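Welcome! Have a look at the protein below, and then let us walk through its charged pairs, its core and its surface together.

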Amino acid sequence: QSDRFDTIVGSLIIANTIIMFVQLQYHGQAANASLGLEYSEWKNATPVFHGFEMFFSAIFLVEFLLRVYVYRCGFFLEAFNVLDAIIVPLTALDTFVISFMEMTFSNMSFVRLIR
C-alpha cells in the first residue's frame, strides 16, 4: 500500500468532482437558455467535458485493475473496494462503450460522484 499512490488517486478523485460540478453549472446555463433566461455561452464545452470524462474513466479503470492485480481476492474484503468494483466498471462501460453506441441510458454522473 503506497501513500503516494493513494494521495495521487485521491487528488484525481477531487479533480474529477470539481470538473463534474463545473459541468453541472454548464448544464444549468443550457437550461437557462432553453427557458429564455439570461445565460452565458460556453463554446466547445461539450467536447471538453467528454474528454475529461474519458481521461478520468481511463485513469480510474487502470487504478482499479492495478489494485485488483496487487491485492487479488483481498481487494474485495473492504466495503469501499466493493463499491469501486461496481462503480468503476459501470462508468468505463458507459464512457467507452455505451456512449459510442449512442444509446440513451441514465446519466452515470451520480454514480461517478459516489466514488
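Glu-63 is buried, and Arg-67 is buried too; buried here means under 20% relative accessible area, exposed means over 50%, and partly exposed lies in between (1.4 Å probe, protein chains only). Before going further, please note that this is a predicted model, in which local features need pLDDT of at least 70 and side-chain atom pairs count only at pLDDT 80 or more, while totals for chains, interfaces and linings use all residues. Residues are numbered from 1 along each chain as its sequence is written, and side-chain values use heavy atoms, with hydrogens and water left out.

**The overall fold**

The protein has four helices and zero strands, giving the pattern α-α-α-α along the sequence. Helices (H or I, at least four residues) and strands (E, at least two) are DSSP runs, numbered from the N terminus. Of the 115 residues in the protein, 24% are buried. Among contacts (heavy atoms within 4.5 Å) with a separation of 6 or more, 66% join residues 24 or more positions apart.

**Salt bridges**

How many salt bridges does a search of the whole structure find? The search finds two, where a salt bridge is a side-chain nitrogen of Lys or Arg within 4 Å of a carboxyl oxygen of Asp or Glu. Here they are:

| Salt bridge | Closest N and O atoms |
|---|---|
| Arg-67 with Asp-6 | 2.5 Å |
| Glu-63 with Arg-67 | 2.4 Å |

Arg-67 lies in helix H2 and Asp-6 in helix H1, so their pair ties together parts that are 61 residues apart in sequence. Glu-63 and Arg-67, by contrast, are four residues apart in helix H2, which means that about one helical turn separates them.

Arg-67 counts as buried because its relative accessible area is 14%, whereas Asp-6, with 26%, is partly exposed. Leaving aside residues up to four places away in sequence, Arg-67 touches Phe-5, Asp-6, Val-9, Arg-72 and Phe-75.

**The nonpolar core**

In soluble globular proteins, nonpolar side chains tend to be buried together. A nonpolar core is a set of buried Ala, Val, Leu, Ile, Met, Phe, Trp, Tyr and Cys residues joined through side-chain atoms within 4.5 Å. The largest one here has six residues: Ile-19, Tyr-26, Ala-45, Phe-49, Phe-56 and Phe-60. Helix H1 (3–34) and helix H2 (45–71) each supply at least two residues of this core, and the largest share, four residues, comes from H2. Phe-49 touches Ile-19, Val-22, Gln-23, Tyr-26 and Trp-42, not counting residues up to four places away in sequence.

**Helix H3 and the surface**

Helix H3 (residues 79–98) has 20 residues and spans 27 Å from its first C-alpha to its last. That is close to the expected 28 Å, taken as 1.5 Å times one less than the number of residues. Its buried residues include Asn-81, Asp-84, Ile-87 and Val-88.

Which residues form a nonpolar patch on the surface? They are Phe-76, Val-82, Ile-86, Leu-90, Leu-93, Val-97 and Met-101, with about 570 Å² of accessible area together. Such a patch joins nonpolar side chains (Val, Leu, Ile, Met, Phe, Trp, Tyr) within 5 Å, using residues with over 30% relative accessible area and no salt bridge; like charges are joined within 9 Å. Phe-76 is found in the loop between H2 and H3, and counts as partly exposed because its relative accessibility is 39%.

Finally, the protein exposes about 8,100 Å², of which carbon and sulfur atoms supply 67%. Accessible areas come from the Shrake-Rupley method with a 1.4 Å probe; for residues, only the protein chains shown count as cover.
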